[in-house]
Amino acid sequence: MIPSALLEELNRQLNRELYSAYLYLSMASYFEERGLNGFAHWFKLQAKEELEHAMKFYNYIHERGGHVEFYPIQEPASNWDNITGLVKSALEHEKEITRHINHLIDLARKLDDKPTEVFLYWFITEQVEEEKAFQELLQVLEYAGETPQTVLMLNAKLAQRK
Ligand code: MG
């Protein structure tokens with residue numbers, strides 16, 4: 001059995017991953033509305049990945065005989081000043097997710113739940129990738145500036161995500 005304090009935090013994290021999917025879908029919409037289909041495609045895949053993260057928590061909680069709790073999903077932002085601002089907020093969001101994962105691992109250790117600790121390691125590696133993806137986008141936007149050329153170049157590049 002997962003200790004109850006840890007189970008609650010795992011359920012909260014499941015909810016955060018669902019919120020992440022919601023947020024990235026909202027960002028995808030922002031790009032759809034501006035005809036930037038490459039960005040929209042990338043963010044839709046990102047949203048799908050977040051659903052997969054949520055499912056990892058869902059499956060793990062059930063595997064351990066725990067009860068999955070469904071909390072309300074927060075309404076995501078739907079407008080940003082510009083693309084740079086949007087990417088900055090996505091990066092901040094992922095950094096916050098990383099902090100939550102780190103906190104979850106600390107809690108699993110404190111409560112001596114080794115299976116949960118090991119389960120969470122995958123997310124440590126994943127968070128490095130998530131932060132890196134947004135960091136790289138932000139670097140290009142800040143280095144080259146958010147000009148039509150930069151945006152169209154990125155739009156073409158992001159369209160290629162598999
Ligand atoms: Mg995630």
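1. The residue that follows helix 2 is Gly65, and its phi is positive, near 75°. This value, like the others in this note, comes from a predicted model. Helix 2 itself covers residues 37-63.

2. The overall architecture is helical: the protein contains five helices and zero strands. Read from the N terminus, the order of elements is α-α-α-α-α. The C-alpha trace spans about 55 × 25 × 25 Å along its principal axes. Of the 162 residues in the protein, 46% are buried.

3. Which residues coordinate the magnesium ion? The donors are Glu17 (OE), Glu50 (OE) and His53 (ND1), at 2.1 to 2.2 Å. Along the sequence, the spacing of these donor residues is E-x32-E-x2-H. Glu50 and His53 both belong to helix 2, where they are three residues apart, about one turn of the helix. In general, an α-helix has 3.6 residues a turn, so residues three or four places apart point the same way. Both Glu50 and His53 are buried.

4. His53 deserves a separate remark. This residue of helix 2 has a relative accessible area of 1%; the cut-off for a buried residue is under 20%, and His53 is therefore classed as buried. The C-alpha atom of His53 is separated by 8.5 Å from that of Phe123, although the two residues are 70 residues apart along the chain.

5. How do helix 3 and helix 4 pack? Helix 3 comprises residues 83-110 and helix 4 residues 114-144; the angle between them is about 160°, and their axes are 9 Å apart. Angles over 145 degrees count as roughly antiparallel, and the two helices are therefore roughly antiparallel to each other. Their crossing is left-handed. The residues of this contact comprise 17 nonpolar, six polar and eight charged.

6. The loop between helix 3 and helix 4 contains Asp112. The phi of Asp112 is positive, about 55°, although the residue is not a glycine. Is Asp112 buried or exposed? Its relative accessibility is 51%, and the cut-off for exposed is over 50%, so Asp112 counts as exposed. A reader examining the backbone may wish to compare Asp112 with Gly65, the residue after helix 2 whose phi is also positive.

7. Two further helix pairs can be described in the same terms. The axes of helix 1 (residues 4-32) and helix 4 come within 14 Å and cross at roughly 25°. Helix 1 is therefore roughly parallel to helix 4, given that angles under 35 degrees count as such. The crossing in which helix 1 passes helix 4 is left-handed. Helix 2 and helix 3 pack with their axes 14 Å apart, at an angle of about 15°. This angle also lies under 35 degrees, so helix 2 and helix 3 are roughly parallel to each other. Helix 2 passes helix 3 in a left-handed crossing as well.

8. Tyr24 is part of helix 1. With a relative accessibility of 0%, Tyr24 counts as buried, because the limit is under 20%. Tyr24 and Ser78 are 54 residues apart in sequence, and the distance between their C-alpha atoms is 9.8 Å.

9. Ile83 lies in helix 3, the helix that runs over residues 83-110. Its relative accessible area is 5%, so Ile83 is buried. How far apart in space are Ile83 and Arg16, C-alpha to C-alpha? The separation is 23 Å, for a sequence separation of 67 residues.

Technical notes. Residues are numbered from 1 along each chain as its sequence is written. This is a predicted model: local features need pLDDT of at least 70, side-chain atom pairs count only at pLDDT 80 or more; totals for chains, interfaces and linings use all residues. Side-chain values use heavy atoms; hydrogens and water are left out. The expected span of a helix is 1.5 Å times one less than its number of residues. Donors are N, O and S atoms within 2.8 Å of the metal (3.2 Å for Na, K and Ca); water is not among the atoms, so sites may look incomplete. Buried means under 20% relative accessible area, exposed over 50%, partly exposed in between (1.4 Å probe, protein chains only). Axes are lines fitted to C-alpha atoms, for helices over the stretch in contact, and angles run from 0 to 180 degrees between N-to-C directions. Angles under 35 degrees count as roughly parallel, over 145 as roughly antiparallel, 65 to 115 as roughly perpendicular and the rest as oblique. A crossing is left-handed if the near helix is turned anticlockwise from the far one by less than a right angle, and right-handed if clockwise. Ala, Val, Leu, Ile, Met, Phe, Trp, Tyr, Cys and Pro count as nonpolar, Asp, Glu, Lys and Arg as charged, and the others, Gly among them, as polar.
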